[in-house]
Amino acid sequence: AIIVAAIIAIGLASSLLVDWTWYSSVGFLDVFWTIIAAKIMLFVAIFLATAIAVSVNGILASRVARARAYLLPSNTPWESLSSRELPAVIARFVRRLPWRSLVVVFSGVAAALVALAWTTSWNLILNFIYQVPYGRSDPIYGNDIGFYLFSLPAFIALKDWMLLAIFLSAGLAAFIYWSCGEITLNAGRPSVSAAAAAHGSVLLGLFFLVEAWSFYLDRYLLL
């Protein structure tokens, strides 16, 4: 892990040094610092938003989840367990884990990876913030052409992030509910508790809202 981190740090440092040298040579050093500031602000914003969204759902799931009463005897030999009993053993082990700490760690790592990937969209954010009217409107919706050049790409990126945050939150919550016995698969028949179903329904509702917004944006993309 230390070697990988060192390689990444060296790669980032060399890239920054090359960019700084080039922008300095052409007299646009202010542009270089503007890009760096935009990347940092975007990373912080995406990191905080993703970490809060995922951790809130994970902590909520760990609090409302209750353990099923199907614990196996502690003296049951591992070799004698059938494939049907094996998930119960795994769930019994996972239920004893410090869920809040694990949720925070998972949320932080996931948020860092998402934010790092989203820093490549720094130009979309700057275009959205500093956009100016184009001076002509489209003949269908009457929007200024600048909306399609500056606002629409930023809205699409925001929609993609919202979907990713919902999927990460749903995956973490589902894993916690399964580990605590709120979601079971007995003889191929899934069983979901009321708490897990309510939580999943809220996330599903948010997903449909984002998808509805996505369809709303698709008409502008089609135009």
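Helices are DSSP runs of at least four residues, numbered from the N terminus. One of them is helix H6, which covers residues 145-179 and contains Ile145. The structure is a predicted model, and the protein chain has an average pLDDT of 83. This briefing treats confidence, selected residues, nonpolar cores and aromatic rings in turn.

**Confidence**

- In the protein chain, 83% of the residues have a pLDDT of at least 70.
- Residues 67-86 have a pLDDT below 50, and this stretch has 25 contacts in the model beyond near neighbours in sequence.
- Where pLDDT is low, the predicted coordinates should not be read in detail.
- Confidence is highest in helix H7 (residues 194-222), with a mean of 94, and lowest in helix H3 (residues 86-94), with a mean of 56.

**Helix H7**

- The 29 residues of H7 should span 42 Å at 1.5 Å a residue, and this agrees with the 41 Å between its end C-alpha atoms.
- The buried residues of H7 are Ala196, His199, Leu203, Val210, Ser214, Leu217 and Tyr220.

**Asn57 in helix H2**

- Asn57 is placed in helix H2, which covers residues 29-64.
- Because buried means under 20% relative accessible area, Asn57 counts as buried at 14% relative accessibility.
- The side chains of Asn57 and Ser169 are joined by a polar contact of 3.4 Å.
- Apart from residues up to four places away in sequence, Asn57 touches Ser169, Ala173, His199 and Leu203.
- Two of these partners, His199 and Leu203, are also among the buried residues of H7.

- When neighbours within four places in sequence are left aside, Ile145 is in contact with Tyr134, Arg136, Ser137 and Asp138.
- Ile145 lies 13 residues from Val132 in sequence, and their C-alpha atoms are 9.9 Å apart in space.

**Nonpolar cores**

- In soluble globular proteins, nonpolar side chains tend to be buried together.
- The largest nonpolar core has eleven residues: Val54, Ala61, Ala65, Trp99, Val103, Leu172, Ala173, Ile176, Tyr177, Cys180 and Ala196.
- At least two residues of this core come from each of H2, helix H4 (99-118) and H6.
- H6 supplies the largest share of this core, namely four residues.
- A second, separate core has eight residues, including Ile46, Val114, Trp161 and Ala165.

**Aromatic rings**

- The whole structure holds 15 aromatic pairs.
- The pair of Phe43 and Phe47 is stacked, because the ring centres are 6.1 Å apart and the planes are at 10 degrees.
- Both Phe43 and Phe47 belong to helix H2, where they are four residues apart, about one turn of the helix.
- Phe43 is partly exposed at a relative accessible area of 29%, and Phe47 is partly exposed at 26%.
- The pair of Tyr141 and Tyr220 is edge-to-face, because the ring centres are 5.1 Å apart and the planes are at 75 degrees.
- This pair links distant parts of the chain, 79 residues apart: Tyr141 is in the loop between helix H5 (122-129) and H6, whereas Tyr220 is in helix H7.
- Tyr141 counts as partly exposed at 33% relative accessibility, whereas Tyr220 counts as buried at 8%.
- Tyr141 and Tyr220 also belong to a cluster linked by ring pairs, together with Phe128, Phe147, Tyr148, Phe155, Trp213 and Tyr216.

Key:
Residues numbered from 1 in each chain as written. Predicted model: local features only at pLDDT ≥ 70, side-chain atom pairs only at ≥ 80, totals over all residues. Heavy atoms only, no water. pLDDT = per-residue confidence, 0-100. Contact = heavy atoms within 4.5 Å. Expected span 1.5 Å × (residues − 1). Buried < 20%, exposed > 50% of the residue type's maximum accessible area, 1.4 Å probe, protein only. Polar contact = N/O pair within 3.5 Å; in protein donor to acceptor, adjacent residues only side chain to side chain. Core = buried A, V, L, I, M, F, W, Y, C linked by side-chain atoms within 4.5 Å. Phe/Tyr/Trp six-rings, centres within 6.5 Å; stacked < 30°, edge-to-face > 60°.
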